[in-house]
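Subject: Structure for you to look at

Hello,

Here is the structure I said I would send. My notes on it follow below.

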Amino acid sequence: MTAVDERGVAEFFEGFEPPDGLKVELLRGEIVMMASPDLVHNLIVLLTERQIPLDRWYPLQTQDVDIVGEASEPVPDLVVVERDVLPASGRLLPCRLITMVVEVVSKTSVQRDYEIKRSIYAAGAVPVYLVVDPIMAQCVLLTKPVGKGEDADYRRQEITKFGAPLVVEDLGLELDTSEFGTFSDVKPHRYP
């Protein structure tokens, strides 16, 4: 896709109102629409959000993220931002302000969450990307972003099975994953 095409898509996306019940993201110039998430997904987001201490952090749901240098405006399941850097208002939250993004894998988002968004968030230098996977009953914590564009990635990856504590050093906390649910009757995948 050319730069002109990507700008046109980004301009269209800015004024686009999705139908009720759909989540919409712009990922590298492609508009992606998804059905509302499963209950397992929503409970994982809720349980994660409740463990983020509000005295220092704001855990935000459905917050559009501005990734500098990318034709992308992802909408992570959860964005964690230090309280004192949050702007007064705005639809797009600049990636430089974000400490952590959380994506909960759905039955249809496996490749997007493990590959495309991994590269996008790393390109935006988001310090921590947490993939919570109710298909494989694991969390994948990615830190130390490097690179640019589609070649960007995270240098450090830790996998924690559901039930074990997950240490997130960058936030100074330990997440309890013991109540994270899993999807039943879903074929395992090969990621990460």
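T48 sits in helix α2, residues 39–49; helices (H or I, at least four residues) and strands (E, at least two) are DSSP runs, numbered from the N terminus. With a relative accessible area of 1%, T48 is buried, where buried means under 20% relative accessible area, exposed over 50% and partly exposed in between, with a 1.4 Å probe and protein chains only. Leaving out residues up to four places away in sequence, T48 touches L78, L175 and F180; contact means heavy atoms within 4.5 Å.

This is a predicted model, in which local features need pLDDT of at least 70 and side-chain atom pairs count only at pLDDT 80 or more, while totals for chains, interfaces and linings use all residues. Residues are numbered from 1 along each chain as its sequence is written, and side-chain values use heavy atoms, with hydrogens and water left out.

Now the sheet. Six strands form an open sheet with mixed pairing, in the order β3-β5-β7-β8-β9-β10; two strands pair if DSSP finds at least two bridges between them. The edges are taken by β3 (57–60) and β10 (153–161), each of which has a single partner strand, so one side of each lacks a neighbour in the sheet. From one strand to the next the twist averages 15°, with axes being lines fitted to C-alpha atoms (for helices over the stretch in contact) and angles running from 0 to 180 degrees between N-to-C directions. Helix α3 (residues 110–123) packs on the sheet and touches β7, β8 (128–133), β9 (138–146) and β10. The direction of α3 makes about 165° with that of β8.

Strand β5 (residues 78–82) runs antiparallel to β7 (residues 98–104), and four bridges join them. One of the partner pairs is V81 with I98 of β7. Four bridges also join β3 to β5, again antiparallel, and W57 has E82 of β5 as its bridge partner. Four of the five residues of β5 are buried, so this strand is largely enclosed by the rest of the structure.

Next, the backbone. Most residues other than glycine have a negative phi, and most peptide bonds are trans. T62, in the loop between β3 and β4 (64–66), has a positive phi of about 50° although it is not a glycine. T62 counts as exposed, at 63% relative accessibility. A137, in the loop between β8 and β9, also has a positive phi, near 55°; at 23% relative accessibility A137 counts as partly exposed. The peptide bond from Y191 to P192 is cis, with omega near 5°, and P192 lies in the segment after β12 (173–175).

On a 1 Å grid over the protein atoms alone, a pocket is an open set of points where a 1.4 Å probe fits, with protein on both sides within 12 Å along at least five of seven lines, and lining residues have an atom within 4 Å of a point. Of its 17 lining residues, A35, P37, H41, S106 and T108 are the closest to the centre. At least two lining residues come from each of β2 (30–35), β7 and α3. By class, the lining has five nonpolar, five polar and seven charged residues.

Regards

Note on methods: Nonpolar A, V, L, I, M, F, W, Y, C, P; charged D, E, K, R; others polar.
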